[in-house]
Amino acid sequence: MTAVGTPPSQQARHRGRAGTPGGIDGLVAPHRLRSWALLLAIAAGVPPVLFVWWQNTIPGSLDNGAACLTAAGRIAGLLAAYLLLVLVALMARVPWLENRVGSDTVARHHRALGEYTVGLACAHAVLIVLGYAWQSGRNPVAEGVSVIFDYPDVWLSAISLGLLVLVGVVSARAVRRKLSYESWYHVHLLVYLAIGLAFAHEFAVGTEFSASLRNRVLWSAAHIAVAAAVLLFRVALPLARSLRHRVRVERVVVEGPGVVSVHLRGRRLDRLGAEAGQFLRWRFLARGQWWQSHPYSLSAAPRADGLRITVKDLGDSSAGLGRLRPGTRVWFEGPYGAFTARRSARWGRRRRRTLLIGGGAGITPLRALYETLPGQGADVVLVYRASQPEDLALYGELESIARRRGFGLFARTGPRGGAHDDPLRGAELRRMVPDLAQREVYLCGPVGMTESVRAELRRSGVPRHRIHIEAFQF
Amino acid sequence: MRRTTMALAATTTGVALIIGVKAGTGSAIRPALGGSAPAVNSSTGAAAAPPATASGSYTGSSVPTRYGTMQVQAVLKAGKLTGVAVLQQTSGGRSSEIDSYALPLLTAEALKAQGADIDVVSGATYTSDGYAQSLQAALDKAAQAARTAPSASRSAAPRPSARAAAPAGVRPSEGE
C-alpha cells in the first residue's frame with residue numbers, strides 16, 4: 001500500500017466538484033443501448049423458431065405425456081440450433097459488434113448464451129429420448145441407443161452434442177482457469193464442426209424441415225449467411241489488411257520482469273482507424289508462433305507508421321514474444337474493442353472527467369488512453385495497481401505523460417486485502433479521487449480485480465453506466 | 001451458472017405454456033376421417049358397414065401424406081371386416097417406429113368399429129388419417145362391388161392372405 005513515486009503536487013488536484021445532473025445524464029449510455037438492441041435482435045429470432053414448431057404440430061397430437069415430452073424436446077432442439085447460429089454470429093468479429101457494442105460485451109453475451117445453449121442441446125436429447133421411450137414403452141437407455149443408431153444422421157448429432165458439452169466444459173470457469181488460451185481456443189473451434197454435424201439430422205428427422213421446403217430454404221440461408229460473415233470478417237478482411245499494411249516487428253523492449261513491449265512497423269496504419277484502448281489479434285509468423293493468434297491491446301497511441309503492444313507473460317506464447325526477431329512478419333485481425341474515449345462521449349455535453357484504473361497487464365490500453373484523452377490537470381487521473389513495485393511496467397512513461405499534462409497518477413502495490421486493507425478499497429479510491437462519483441471510470445485488469453473494484457466503485461456512488469470495464473480472461 | 005439455470009427454468013415454463021396452448025387448440029380424440037377426406041365419402045356415399053354380401057380383399061386408394069403414401073387392403077367375409085393389410089406405409093424420420101405401434105392399434109380399432117370410423121392414434125396423426133381414408137375407400141369399393149354383382153361370390157382367395165391374416169405384421173422397418 002505504498003504510493004510509488006507519486007509527486008504530491010499531482011495528488012492534490014481534485015476538488016470534488018458538485019455534479020450537475022442534467023436531463024441527458026439519466027439516459028443510458030449508447031453502447032448499453034446497443035447491447036440491449038443486440039439482445040433484442042437475438043430474442044426476435046425466437047418467435048419464428050417457435051412458429052416453425054407450432055405450424056408443424058398437429059392440434060390434437062399433444063394429448064398424452066409422451067407426445068408433450070417429445071414436443072418439448074423438439075422445441076429445445078430448434079432453439080438450441082438457432083442459438084448455435086447466434087453464438088457463431090456473435091463471434092464472427094462483425095465490426096459493428098466489436099467496436100460499437102464492444103468485444104467484451106459481445107463476449108459476455110456469447111458466454112452466457114453459450115452455457116444456456118449447451119443446456120438446451122442436452123435437454124433436447126434427453127427429452128426426445130424420454131418422450132420416445134414413453135411412447136413405445138421401452139426403457140430409455142435402449143431407446144436412446146436405437147435413436148442414435150437407427151435414425152438417419154442422429155449419430156452425427158450425438159457426436160455434435162458431445163463436442164458442445166466438451167466446449168462447455170472447457171469454458172466453465174473452474175476448468176478455463178487451468179487451461180492455456182490456446183487449448184481453450186482450439187477446443188472452441190470444434191463448435192463449427194458440431195454445427196455441421198448437427199445440421200444433417202435437423203433435416204433428416206426434424207419434421208419441421210423434412211416436411212417443408214420453405215423451412216429448409218430459410219434454415220439453410222441462415223446458415224449460409226452466418227458462414228459468409230465468419231469467412232468475410234474472420235478470414236478475408238484480416239488477410240487483406242495483413243497483406244496491405246505489411247506489419248513487421250521493429251524491435252522488442254523489455255519493460256520489466258516478464259513484460260515486453262513489441263514495436264511494430266507497417267504501411268499507412270492510420271487507415272486502420274485504430275483508437276487508443278483498442279486491441280488487435282496478432283499472429284507472429286515465427287517458428288512456434290504462427291499457428292496461434294492472441295489479442296493484445298495497443299499500449300501507445302496508434303501512429304500512421306507504427307503500433308506498440310505491451311505483453312505480460314500470461315499464456316503459453318507470451319514468453320516467446322521476448323525472442324521475436326526484428327523483421328518478423330505479423331498478421332493481424334482488428335482493431336477491435338469499444339474501450340475507447342468514445343465510450344464517454346456525450347451528446348452536446350461537456351466531457352466528464354475521467355478516472356482510469358489499471359491492474360497489472362491491464363495498464364496497456366489505459367496507457368494509450370492516458371496519452372490520448374483530451375483535457376488537462378485533474379481531468380484525467382490514473383490509478384495503477386500491481387503486486388510489486390517492480391511490476392509497475394511502463395511507469396516511467398506514465399510519469400512523463402503526467403508531468404507533461406498535469407494528469408493525476410497514483411500507484412498502489414501490495415497484496416490483495418479485504419474490505420479494510422485492500423489497496424483499491426472504496427475508501428482509498430475516494431481518498432485519492434474525491435470526485436470519483438462524477439467521473440467516467442475506465443477499469444482494466446484481471447477478472448477478480450475488475451469485479452472487486454467495480455463493486456467498490458458502485459458503493460462509492462459511481463453509476464453503472466459510467467463504469468467501463470475491459471477484463472481479460474482469455 | 002446461476003443465471004443459466006434460471007434462464008433454463010424460465011424456458012421450461014415457457015415451453016410448457018406453449019405446449020399447453022397448442023394442446024388446447026385441438027380436441028384430444030379426433031376421428032381419423034374427421035371431415036378431412038371429402039373425396040372418399042362423396043364417391044359413393046357409402047355407409048360405414050359394407051353390405052353383407054361383400055367378401056374378399058379390396059384394395060383402398062393410396063393416400064398421399066406428408067410422410068409418404070398410406071394404402072391398406074380390407075379383407076371382408078360375408079360383409080364382416082376380418083382383417084386389414086397394410087400395403088404402403090409412411091416413411092422417413094420416425095415413421096417406421098410410429099407406424100409399428102400405430103398400425104396394430106388402428107387395425108384393432110377398425111375391426112372393432114367394423115369400418116373406417118376410427119380415432120387418431122396419438123402421435124401418429126398422418127398415419128391414422130391415411131389409414132382411415134384408404135380403408136374407407138376400400139370399403140366403398142367393396143360396397144360398390146357387392147351392389148353391382150350381388151350374387152357373385154368374390155371369396156376367391158384374398159390375394160395377400162399372409163398379410164391379411166396378420167394385420168399387425170407391418171413391413172419390417174427399413175433400417176430407419
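A crossing of two helices is left-handed if the near helix is turned anticlockwise from the far one by less than a right angle, and right-handed if clockwise. Helix 7 of chain A passes helix 10 of chain A in a left-handed crossing. The model is predicted: local features need pLDDT of at least 70, side-chain atom pairs count only at pLDDT 80 or more, and totals for chains, interfaces and linings use all residues. Residues are numbered from 1 along each chain as its sequence is written, chains are lettered from A and ligands numbered from 1 in the order in which they are written, and side-chain values use heavy atoms, with hydrogens and water left out.

**Chain totals**
- Chain A holds 17 helices and eleven strands; helices (H or I, at least four residues) and strands (E, at least two) are DSSP runs, numbered from the N terminus.
- Of the 474 residues in chain A, 52% are buried, where buried means under 20% relative accessible area, exposed over 50%, and partly exposed in between (1.4 Å probe, protein chains only).
- In chain A, 74% of the contacts between residues at least 6 apart in sequence join residues at least 24 apart; contact means heavy atoms within 4.5 Å.
- Chain B has five helices and four strands, in the sequence pattern α-α-β-β-β-β-α-α-α.
- Of the 176 residues in chain B, 45% are buried.

**Helix packing around helix 10 of chain A**
- Two packed helices are described by the angle between their axes and the distance between the axes.
- Axes are lines fitted to C-alpha atoms, for helices over the stretch in contact, and angles run from 0 to 180 degrees between N-to-C directions.
- The axes of helix 7 (residues 154-171) and helix 10 (residues 190-205) of chain A come within 8 Å and cross at roughly 145°.
- Residues in this contact include A:Leu163 and A:Val167 from helix 7 of chain A, and A:Leu197 and A:His201 from helix 10 of chain A.
- The residues of the contact between helix 7 and helix 10 of chain A divide into 15 nonpolar, three polar and no charged; Ala, Val, Leu, Ile, Met, Phe, Trp, Tyr, Cys and Pro count as nonpolar, Asp, Glu, Lys and Arg as charged, and the others, Gly among them, as polar.
- Helix 4 (residues 65-90) of chain A also crosses helix 10 of chain A at roughly 145°, with axes that come within 11 Å.
- That crossing of helix 4 and helix 10 of chain A is left-handed.
- The contact of helix 4 with helix 10 of chain A has seven nonpolar, no polar and two charged residues.

**Strand 8 of chain A**
- Six of the six residues of strand 8 (residues 380-385) of chain A are buried, so it is largely enclosed by the rest of the structure.
- A:Val380, A:Leu382 and A:Tyr384 cover one side, and A:Val381, A:Val383 and A:Arg385 the other.
- Strand 8 pairs in the parallel sense with strand 7 (residues 354-359) of chain A over six bridges; two strands pair if DSSP finds at least two bridges between them.
- A parallel pairing over five bridges joins strand 8 to strand 9 (residues 408-412) of chain A.
- In strand 9 of chain A, A:Leu409 is the bridge partner of A:Leu382.

**Antiparallel sheet of chain A**
- Six strands form an open, antiparallel sheet in the order 4-3-6-1-2-5 in chain A.
- Strand 4 (294-297) and strand 5 (306-312) of chain A stand at the edges, each with a single partner strand, so one side of each is left without a neighbour in the sheet.
- The twist averages 40° from one strand to the next.
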